[in-house]
Amino acid sequence: MRLAVLKEAAPGETRVALLPDAVKSLIAKGFEVAVESGAGLASGHGDEAYAQAGASLTSDRASLLASATILPLVNAPSAQDQRAIQPGAVALGFLRPLDDPAPLLPAIEAGVTLFAVELVPRITRAQAMDALSSMATVAGYKAVILAADHLPRLFPMLMTAAGTIAPARVFVIGAGVAGLQAIATARRLGAVVEAYDVRAAAGEQVRSLGAKFLDVDLGGIATEDKGGYARELSEEALERGRDLIAKTARTADVIVTTAQVPGRRAPLLIRRDAVENMRPGTIVVDLAAAAGGNCELTRPGETQLHHGVTLFAPLNLPVTVPGHASQLYSRNIANFLALLIKDGALHLDMDDEIIRGSCVAHQGKIVNPRVAEALEAHASAPASP
Ligand code: NAD
């Protein structure tokens, strides 16, 4: 079986799907691995490291695509690249099958089997394959570093001969994977941290990191689904959260927002007037920007200065930490591949919850009903002018 590692072509992409150590262990398991020259360079892994791991290096992308049985990817390849993949090959990566499925049609029509890491069910057995958690961990860390870099203040409390410096006050909204990492990072830098989440279970995790959990009386409504994720709340419940957020934000130096509800637009939690009541110099990092954002003013991918408040809305912070983002992702991919291989051959057991759940298309057909729905919605949407 021939596995090909491509140099990612998406603009701004710095990560690579497999690092040399994962390549080495796959070769030990009997794979042949070919790597596109320069694939790992931006993440700090030169061609030499892949060659030492036992991979062959080539600059011929077309032949790499045409000869691969398995293509671990970070992003979906271009339409032209997809058409060059052989039928029956397996491609896996962040394919955005629910947000933007149409660009996957060339590979689907070419009979490529597609797996989307976003669809891996978040069950205990799949934890080691959970690429969303890996990237959320990196993003949560980097959001705080970004804020610290732009804050006109220091983070830790300092007692100097020139006087005492008070610690920064950081407010984290949404204490899931990214939020908890943001809390831990801000605490390590010496900030005083407060956090809010609608899931009561998050309270204990927040407190265990040395931060204060802010409770809101939501009138006893169910805020969690059976999978442990937040539900979409009523407007009244959201408004109670917004009031607490606006009040807490007035005295914060940094606000990191991460609140999301799977499959929905991110909840709107910070209104324009709440931003206008923040102190000048406050930094807001909206990590939910890709899902529409938690702040009314958020413009995904842009940075704005509004009434002295800097609002960041990054769409892909993991690309700014490509070494470790690739390391975590590479492990996730290698663990997923282990599930697809039996006795040295591809074995796609569609009865396996993880394989079935993450498969987008197989043998020319879309096998995931949510993806089929998303494609239909896309097809019936009016064409943009
Ligand atoms: P997410 O990215 O969907 O949401 C981020 C956070 O926003 C969540 O904590 C959510 O409760 C919160 N949120 C949603 N609406 C909100 C609102 N109106 N106000 C305030 N906060 C709001 O979630 P995530 O980080 O991917 O994970 C959330 C949960 O799932 C966590 O408990 C996590 O530990 C768990 N999880 C489990 C597994 C697993 O078992 N394999 C893997 C990943 C995550």
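Modeller: A cavity is a set of points on a 1 Å grid over the protein atoms alone where a 1.4 Å probe fits but cannot get out; a volume is the space filled by probe spheres set on the points, joined across faces, edges and corners. This is a predicted model: local features need pLDDT of at least 70, side-chain atom pairs count only at pLDDT 80 or more, and totals for chains, interfaces and linings use all residues. Side-chain values use heavy atoms, leaving out hydrogens and water, and residues are numbered from 1 along each chain as its sequence is written.

Biologist: What volume does the largest cavity have?

Modeller: The whole structure was searched for cavities of 30 Å³ or more, and 1 was found. The volume of the largest cavity is about 40 Å³.

Biologist: Which residue has a side-chain N or O atom 2.8 Å from an oxygen atom of the ligand?

Modeller: The ligand is surrounded by 23 residues (a heavy atom within 4 Å), which divide into 13 nonpolar, 6 polar and 4 charged. Among the closest are Val177, Asp197 and Arg199. The residue with the 2.8 Å side-chain separation is Arg122.

Biologist: How much of the accessible area of the ligand does the protein cover?

Modeller: A polar side-chain atom of Gln127 is 3.3 Å from a ligand oxygen, and a backbone N or O atom of Gln260 lies 3.3 Å from a ligand oxygen. On its own the ligand has 840 Å² of accessible area (Shrake-Rupley method, 1.4 Å probe).

Methods
1 Å grid on protein atoms, 1.4 Å probe; cavity = no way out; pocket = protein on both sides within 12 Å on 5 of 7 lines; lining within 4 Å. Polar contact = N/O pair within 3.5 Å; in protein donor to acceptor, adjacent residues only side chain to side chain. Nonpolar A, V, L, I, M, F, W, Y, C, P; charged D, E, K, R; others polar.
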